[in-house]
Amino acid sequence: MGVQPAIVSAGFSEHASKRSDVNMAELMNEAIEDALNKCNCTIDDIDCVINGNMPAFEGANIPELWMTDHIGAKNKPFMRVTTGGTTGGSVAIAAYYAVASGLYDTVLATSFEQQSCGSTTVGLSSVALGEVSIYLQLGYDFEKLRRNMGAGAAIGIGAYQAINYMRRSHCTEEDLARVVVQNRHNAAKNWWTHLKMPNITIEQILETPYISYPLRFGMVTPASDGSCAMIYTTEENAKKFTDTPVYVNGVASVSNENAIVAPEASGCGQIDPCEQLSATISAKLAYEQAGISFPEKEIDYVEVYSPFPNQEFMWLERLGLFEENTAPMQYREGVTALDGDLPVNCSGGVNSTNAIGASAMERVAEAALQIMGKAGNQSPKEIHTAIGHGWGGTINLITLSVLADQPRRKYKGGI
Amino acid sequence: MVRLEYIKKQYTRTRRVHGNWYLASYQYKFNVKRINQCLEHLRKGELVGLKCRSCNTVSFPPRLICPKCLKMPDEWVHLRDTATVATFSGTYAQEAGDTEPRPYPVVAIRQDGSDTTWLANLPEGYDFFKVYVGMPLKVKWAEDKKGDFSDIEYYEPIEDPSIEMNKKEEAEK
Amino acid sequence: MEKVGIVGYYQVKPETDIQMSRPEMIFYAARGALDYAGLKRDDLTTVISATNDYYDGKTISNCFTVEAGGAYLKDESKVEMDGAHAVNYGLMRCLSGHHKLALVWGASQPSTFYYSCIRVLENDPTFDRPINLLNDYTAAALGMRAYMNKFGVSVEDIAKVGVKNHKNAAKNPLAWNEAQLPDITVEDILNSEMLSNPVTKLMHALPCDGATALVLAPEGLAKKIIDDPVWITGVGLCQETYYLGDRDLSISVSMEKAAQKAYKLAGINDPRKDIDVVELFEHSAYEELVLAEALGLCEKGKGSSLSSEINGEIPINPSGGNIGAFTPCATGITRIIEAVKQIQGEAKGYQVKDANRAIAHGQIGFCAQNNIVFILEGGKR
Ligand SMILES: [Zn+2]
């Protein structure tokens with residue numbers, strides 16, 4: 001039961017803070033063209049299109065309806081999957097299932113975000129709008145709530161995690177800055193990224209002001225416009241389309257409780273925001289499917305979704321790549337650098353480029369390209385197994401794809 | 001201060017059309033029947049949480065649904081008026097009267113006896129750099145109670161015995 | 001395609017202004033579907049939801065329903081389309097062999113916002129939205145006029161579809177109260193408020209609050225859970241181009257393609273003979289005719305002469321269809337559940353005789369731009 005899916009190509013558009021030269025559909029089209037150019041596949045070979053973005057940022061609901069012709073979905077099956085920050089990862093996983101189910105042979109998975117079209121702040125504040133309205137009704141002081149929610153938005157959640165993580169592992173602000181420096185240096189060598197800073201130093205980052213303690217202005221992710229496209233197909237087709245197919249051997253997208261404190265059904269049961277049960281369970285599910293028993297030894301390359309530097313430490317530990325609280329030390333020793341033992345985020349990561357809806361897919365795409373040996377900032381190490389991770393919602397949703405250059409050993413799980 | 005070098009390009013191919021983006025107006029609904037029972041207790045200066053009978057999870061503020069069992073909890077339990085800081089952050093905001101942006105503490109608090117956290121307030125002007133994870137707190141009730149969450153005026157920090165104990169241990173060494 | 005069984009379902013009764021909060025409503029649907037199948041939440045392996053951020057007034061609306069929808073620490077995802085598309089994703093997950101039980105739910109509360117205002121946000125933002133002429137009602141009117149003009153169909157013929165659906169809805173206890181009109185006539189429909197000439201209020205589906213959920217299981221497991229699961233044996237999905245001017249609105253290309261794919265998978269050669277009952281998602285009465293023709297149930301333009309009453313040749317929408325209760329995001333799942341009820345013989349009051357093979361349909365977009373067709377089969381025969 002089930003078909004083995006493979007990735008044959010991945011493409012990007014150029015990312016910048018304002019891509020005013022294109023509209024949403026044209027932006028999407030750039031990535032699709034790039035992906036099609038990298039393999040022997042034309043738009044006619046595509047059987048199904050799956051797309052996603054965060055609709056609140058552009059102010060357009062289900063934009064794929066009018067983008068049909070531009071994304072090659074005319075008279076074809078089309079599906080829209082969105083899950084906030086993990087949208088890209090969820091789309092990639094949907095494409096995996098579309099192929100694995102045997103219903104479609106070749107699937108084009110695309111995601112984009114053009115944040116300069118609308119207002120990211122308005123889009124994000126409406127995450128909690130419903131809950132805030134109810135809170136006010138229940139007798140909260142507006143001024144205090146405004147301040148609390150200001151810290152509770154994406155940056156604040158990053159700050160909560162950072163504080164708990166720093167308390168657990170005794171890592172310093174310098175450690176956080178070191179992650180940022182590595183990411184920005186990597187981004188400078190990759191053609192499609194947003195923040196390219198080849199000469200930035202730890203000292204320069206520590207000079208920037210705080211946004212939300214302990215995160216400083218120089219440490220956080222930018223808001224970018226950009227898109228990403230990937231082509232999934234069956235094992236048989238993959239060999240026709242490319243010489244270097246990458247097999248998807250495990251996927252998971254586990255959700256934990258909502259972290260915004262809501263008086264209704266959802267609320268914050270997460271006492272420690274850097275515990276991340278959903279990441280641990282996702283890793284367990286996906287590794288089990290892929291037949292990986294020792295992730296720290298078997299995985300050669302990692303792309304994690306880390307808009308804030310402390311998260312990079314946290315994810316690497318929760319995904320079973322480092323022992324708990326040892327990630328900062330590994331960074332100090334250069335294990336995660338481009339030429340290290342376990343290269344992490346050679347693309348520059350979400351820390352350097354964040355087109356929100358596309359970010360999680362870019363992690364999977366970069367991991368695939370590193371295995372193919374076609375990445376913009378290719379690691380010198382030979383890479384056989386890689387993972388692409390995504391994070392979103394209100395610290396509660398996780399997506400994870402495990403990729404390898406060999407199809408999986410016979411999967412025994414399931415029914 | 002680092003200057004961020006963004007990529008800048010001359011864009012001439014397109015033209016912008018103005019469009020207003022209304023996220024429309026919504027009238028969100030919520031269940032008052034259930035929360036009112038909690039608010040009635042607050043009016044009396046009592047704290048109650050909802051307990052799920054099948055997994056014994058207690059939520060405060062009371063939650064409608066137990067996510068673990070997918071059931072509606074219906075047992076009200078009384079809670080102590082002490083709490084601990086689960087996690088915290090500081091927003092760097094410049095309020096009226098401040099000369100420079102300064103950090104305002106924002107804390108997620110876990111009421112003792114419950115298993116969930118919520119965002120609540122410390123005394124006005126409390127020093128952000130004194131806050132730490134695990135800090136013990138006590139509810140400061142409002143003077144005239146209205147029967148809503150404003151009855152909990154703020155959480156007052158109380159003496160932390162663990163600090164004394166740590167000091168003793170260090171001295172013994 | 002391997003068969004996937006529907007082992008549990010639940011519909012929250014649609015209401016104009018439901019006295020429940022959104023998570024509460026979703027909770028009842030999810031819990032009800034699990035209770036029907038006699039399952040615990042722990043048995044689930046995946047949860048797929050169908051909601052829309054704009055319909056909920058919340059960015060990332062699925063992260064607020066993790067608890068209520070039963071997705072806590074489960075493999076979860078959201079399809080921002082009709083509920084039927086979410087069922088398709090749940091189906092894919094079951095077919096892949098990774099998941100053994102999928103809960104699919106859809107919900108929305110149109111009483112908390114102005115539905116037709118939000119629909120406008122689906123328009124092309126640089127052309128259609130500034131002009132502000134295209135909306136729910138005008139799109140339906142353009143399509144209806146095109147259909148009437150091409151095939152010489154009268155307004156009365158289309159009003160008859162409304163009459164049939166309103167009368168059927170009166171027999172269905174889970175239809176929307178305001179759509180349950182047992183004594184309605186063609187005149188009543190034509191004399192009701194004009195939304196956009198020639199579409200009147202009673203021939204258009206008006207949104208109401210509601211939530212529905214169903215549980216999917218692969219073949220081997222489904223038989224162990226309940227005695228008579230209904231099987232999904234075929235599915236077809238297709239999206240056509242957006243601009244109404246580029247499309248012939250009197251026919252539905254996407255529905256034809258979707259139906260062909262579904263028939264092929266289910267091994268159906270002559271839908272007129274093989275299909276016993278059809279549940280369609282029609283925004284406006286004329287769409288039911290266009291879609292039925294695209295399904296190959298009759299010749300093009302002859303939809304109005306098709307005998308589609310409950311005791312007719314091919315009953316269409318015995319539950320009252322989408323005109324009977326339109327709960328955005330949930331209605332596609334409702335169509336599937338109604339078809340399942342017909343096959344199981346549980347549609348009390350509006351049961352079709354000897355129904356064993358049914359079509360259920362979902363759509364999004366103006367003038368049914370994206371269509372999805374499910375073929376459902378029972379164990380009889
Ligand atoms: Zn419980």
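A salt bridge is taken here as a side-chain nitrogen of Lys or Arg within 4 Å of a carboxyl oxygen of Asp or Glu. The structure described is a predicted model. By this rule Arg80(A) and Glu80(C) form a salt bridge, with their closest N and O atoms 2.8 Å apart. Across the interface of chain C and chain A the rule finds 1 salt bridge, while over all chains of the whole structure the search finds 35.

The contact between these two chains involves 64 residues from chain C and 67 residues from chain A. Together the two chains bury about 5600 Å², and 59% of this area is on carbon and sulfur atoms. Arg80(A) and Glu80(C) also belong to a network of salt bridges that links them with Glu64(A), Asp53(C) and Lys78(C). Asp53(C) counts as buried at 6% relative accessibility, and Lys78(C) is buried with a relative accessible area of 1%.

Chain B contains 2 helices and 8 strands. Along the sequence these elements follow the pattern α-β-β-β-β-β-β-β-β-α. Of the 173 residues in chain B, 46% are buried. Among the contacts in chain B with a separation of 6 or more, 54% are between residues 24 or more positions apart.

In chain B, 3 strands form an open, antiparallel sheet in the order E2-E1-E3. Strands E2 (58–59) and E3 (75–79) stand at the edges with a single partner strand each, so one side of each has no neighbour in the sheet. Strand E1 (residues 47–51) runs antiparallel to E3(B) and is joined to it by 5 bridges. One of the residues in these strands, Leu47(B), has Leu79(B) as its bridge partner in E3(B).

A zinc ion is held by protein donors from chain B. The donors are the SG atoms of Cys52(B), Cys55(B), Cys66(B) and Cys69(B), at 2.2 to 2.3 Å from the ion. The angles among the 4 donor atoms are 104 to 115°, and the site is tetrahedral. In sequence, the donor residues have the spacing C-x2-C-x10-C-x2-C. Cys52(B) lies in the loop between E1 and E2 and Cys66(B) in the loop between E2 and E3 of chain B, so the pair ties together parts that are 14 residues apart in sequence. Cys52(B) and Cys66(B) are both buried.

Arg63(B) takes part in salt bridges to two other chains. With Glu257(A), the closest N and O atoms are 2.5 Å apart. Arg63(B) lies in the loop between E2 and E3 of chain B, and Glu257(A) in the loop between strand E9 (254–255) and helix H12 (277–290) of chain A, so the pair joins two chains. Both Arg63(B) and Glu257(A) are buried. With Glu67(C), the closest N and O atoms of the salt bridge are 3.6 Å apart.

Across the interface of chain B and chain C the rule finds 3 salt bridges. Here 21 residues of chain B are in contact with 33 residues of chain C. The two chains bury about 2100 Å² between them, with 62% of it on carbon and sulfur atoms. On the chain B side, Tyr26(B), Lys29(B) and Leu70(B) lose the most area to chain C, together 35% of what that side buries.

Methods. Residues are numbered from 1 along each chain as its sequence is written. Chains are lettered from A and ligands numbered from 1 in the order in which they are written. This is a predicted model: local features need pLDDT of at least 70, side-chain atom pairs count only at pLDDT 80 or more; totals for chains, interfaces and linings use all residues. Side-chain values use heavy atoms; hydrogens and water are left out. Two strands pair if DSSP finds at least two bridges between them. Helices (H or I, at least four residues) and strands (E, at least two) are DSSP runs, numbered from the N terminus. Donors are N, O and S atoms within 2.8 Å of the metal (3.2 Å for Na, K and Ca); water is not among the atoms, so sites may look incomplete. Four donors count as tetrahedral if all angles lie between 85 and 135 degrees; four count as square planar and six as octahedral if opposite donors are over 155 degrees apart and all others between 65 and 115; anything else is irregular. Buried means under 20% relative accessible area, exposed over 50%, partly exposed in between (1.4 Å probe, protein chains only). Contact means heavy atoms within 4.5 Å. Buried area is the accessible area (1.4 Å probe) that two parts lose on being put together, summed over both.
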